[in-house]
Amino acid sequence: MVVAGDTGRTVALRSGERDFARLWQLLEPAYTGTERVPAEWTEGDFPRVRATVVWGISGVGGWPQTDRSPGGDVAVRRADQLFLAEDGTPWVRSDPAPDVPDDDIRWHRASRSVYERLDGELFGPLGDAPDAAAPAPRDRARWALWGLAAGLALGCGGTVLLRAAAARRGAGPPREPRQELIDR
């Protein structure tokens with residue numbers, strides 16, 4: 001699952017898809033080494049996160065790990081974050097075991113050419129650019145008012161129709177009992 005920066009927009013990729021293969025090539029999740037980064041980065045003062053990728057495996061679980069049947073659970077295997085340095089070099093910050101509370105954080109440079117290819121295709125639609133399809137606040141308010149008016153009209157009209165149907169001759173429950181309960 002790819003989360004774009006701090007926007008909260010996500011996309012799920014699966015093994016076998018073209019973008020998944022490119023993301024694998026960019027982030028190199030099988031890489032176990034680490035490179036030295038500036039001291040401020042190790043203290044948490046690093047550039048803005050461009051994307052967060054959570055690598056998972058589906059189809060796990062079952063006894064004895066869980067009480068559920070095998071194949072329904074997902075295991076989180078790794079979490080990577082992508083950063084851009086001031087010089088434009090993409091960097092990957094990896095946590096090889098995100099479910100373990102440790103400080104095993106690893107850094108490595110990513111391929112600039114692979115990043116540039118993915119930037120427009122995958123990160124572009126998820127990025128910070130405003131969504132062209134998203135309505136402006138004024139348009140949203142207009143649609144909300146139209147929705148409110150339509151709801152009131154349907155509610156009032158429905159009430160009038162129900163009252164008219166109930167007032168018809170012969171409407172309602174039968175006037176004479178069809179069955180009688182005899183208590184002995």
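A search of the whole structure finds four salt bridges. A salt bridge here is a side-chain nitrogen of Lys or Arg within 4 Å of a carboxyl oxygen of Asp or Glu. Side chains of opposite charge can pair when their charged atoms come close. Before I go through some of them, a word on the source. This is a predicted model, in which local features need pLDDT of at least 70 and side-chain atom pairs count only at pLDDT 80 or more, while totals for chains, interfaces and linings use all residues. Residues are numbered from 1 along each chain as its sequence is written, and side-chain values use heavy atoms, with hydrogens and water left out.

Take E35 and R109. Their closest N and O atoms are 2.5 Å apart. How accessible are the two partners? E35 counts as partly exposed at 24% relative accessibility, and R109 is partly exposed as well, with a relative accessible area of 45%. On this scale, buried means under 20% relative accessible area, exposed means over 50%, and partly exposed is in between (1.4 Å probe, protein chains only).

Another salt bridge joins D80 and R78, with 3.0 Å between the closest N and O atoms. Both D80 and R78 are buried. D19 forms one with R18, at 3.5 Å between the closest N and O atoms. D19 counts as buried, at 17% relative accessibility.

D19 brings us to helix α1. Which residues of α1 are buried? They are D19, F20, R22, L23, L26 and L27. These residues cover an arc of only 165° around the axis, which puts them on the same side of α1. The arc is that of the directions from the helix axis to the C-beta atoms. As background, an α-helix has 3.6 residues a turn, so residues three or four places apart point the same way.

E28 has a positive phi of about 45°, and E28 is a residue other than glycine. Most residues other than glycine have a negative phi. E28 counts as partly exposed, at 34% relative accessibility.

Now the inside. In soluble globular proteins, nonpolar side chains tend to be buried together. A nonpolar core is a set of buried Ala, Val, Leu, Ile, Met, Phe, Trp, Tyr and Cys residues joined through side-chain atoms within 4.5 Å. The largest one has 15 residues, and those with the most contacts inside it are V2, L23, L26, L27, V53, W55 and L82. The elements giving two or more residues to this core are α1 (18-27), β3 (49-60) and α3 (112-126). Helix α1 gives the most, with four residues. What does L27 touch? Leaving out residues up to four places away in sequence, L27 touches V53, W55, D80, L82, V92 and H108. A contact means heavy atoms within 4.5 Å.

Apart from that core lies another, of seven residues, among them W41, V49, F83 and W107. W41 lies in helix α2 and counts as buried, at 9% relative accessibility. Not counting residues up to four places away in sequence, W41 touches F46, P47, A85, W91 and W107. W41 and R93 are 52 residues apart in sequence, and 10.0 Å apart from C-alpha to C-alpha.

Next, the surface. L145, L148 and L152 form a nonpolar patch there, with about 330 Å² of accessible area together. Patches are made of residues with over 30% relative accessible area and no salt bridge; like charges are joined within 9 Å, and nonpolar side chains (Val, Leu, Ile, Met, Phe, Trp, Tyr) within 5 Å. L148 is in helix α4 (residues 137-167), and L148 is exposed, with a relative accessible area of 53%. Accessible areas come from the Shrake-Rupley method with a 1.4 Å probe; for residues, only the protein chains shown count as cover.

Last, the whole chain. There are four helices and six strands, and from the N terminus on they run β-β-α-α-β-β-β-β-α-α. Of the 184 residues, 25% count as buried. The accessible surface comes to about 13500 Å², of which 55% belongs to carbon and sulfur atoms.
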